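Hi,

Here is the structure I promised to pass on. Have a look, and my notes follow below.

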Amino acid sequence: MRQKIVAGNWKMNKDIDEAMELVVSLEQYRHDFSQDVKVILAPPSLYLANLEMVEEPFFELSAQNCSHHDYGAFTGEISPAMLHSMNIGYCIVGHSERRQYYHETDEMIAKKIDACLRNHVRPIFCCGEMLEQRNGKHHFVTVLHQVEHALFHLKKDEMKQVVIAYEPVWAIGTGVTASSDQAEEMHGFIRDTLINHFGEELAAEIPILYGGSVNAQNSAELFACPNVDGGLVGGASLKAKDFAQIIVSAS
Ligand code: PGA
């Protein structure tokens, strides 16, 4: 069975006290969480070391971005080699905010995925179309292009480490979520794309998360879709009660 995952992308939010408070508040709900659902927290990188110190954590940790280099003169950057040295198991790669505001190209994203994999960090690869692309009925071709560029060069044992997050850009932070039909349609399309390239057995194992205005009210319906294996949650992951409900709804 595919791993169910609920990941919280905190983006550039919370000071350190608020961050630790959120973890403590979430902890109070841990007995409601199923062992079958992996919880991943992606705080600002600055706080990863603090969260790594939490004893008997109910969560794993992810960075929100990384360099595609291992070490060197790249001021301000953090590498997957460094993440691995801190026991950080995941890194979000290719988030639409990185594509949009930091001009990350498909080529850079592919290099970041390679850097993660060679350093034993599992990439959470984000893809998704913009509103104009969906309105113009180019959403499938857009996502296909993103998936091809980022993942098709990988060997099967590398691909096994990848988590995919489908995040339609028009749904991120807007309060407008994809309907469960829209999500399932795209997740099924991504699964078929993986089947065609990597074969049925491997494609069946890859978790495909949905992201974009997931909240405590809509998560159960989205996660009930056969090809939706959990969520990448932004805004609602900043509130303990809401995020806990979302985690519970994935089981
Ligand atoms: P949102 O963000 O849940 O606030 O829409 C999701 C994301 O950007 O990963």
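How far is an oxygen atom of the ligand from a polar backbone atom of Gly235? The distance is 2.8 Å, and I count a polar contact as a pair of N or O atoms within 3.5 Å. The ligand on its own exposes 280 Å², and the protein buries 95% of that (accessible areas by Shrake-Rupley with a 1.4 Å probe).

Before the rest, some housekeeping. This is a predicted model, where local features need pLDDT of at least 70 and side-chain atom pairs count only at pLDDT 80 or more, while totals for chains, interfaces and linings use all residues. Residues are numbered from 1 along each chain as its sequence is written, and side-chain values use heavy atoms, with hydrogens and water left out.

Back to the ligand. There are 13 residues around it, and Lys11, His95, Glu167, Gly173 and Ser213 come nearest (near means a heavy atom within 4 Å). A side-chain N or O atom of Lys11 sits 2.7 Å from a ligand oxygen, and for Gly173 a backbone N or O atom is 2.6 Å from a ligand oxygen.

As for the fold, 8 strands close into a barrel with parallel pairing, in the order β1-β2-β3-β4-β5-β6-β7-β8 (strands are DSSP E runs of at least two residues, numbered from the N terminus; two of them pair if DSSP finds at least two bridges). For example, β1 (residues 4-9) and β2 (residues 37-42) pair in the parallel sense over 6 bridges, with Val6 opposite Val39 in β2.

Cheers

How values were computed
Helices (H or I, at least four residues) and strands (E, at least two) are DSSP runs, numbered from the N terminus. A polar contact is a pair of N or O atoms within 3.5 Å; within protein, one must be able to donate a hydrogen and the other to accept it, and residues adjacent in sequence count only if both atoms are side-chain atoms.
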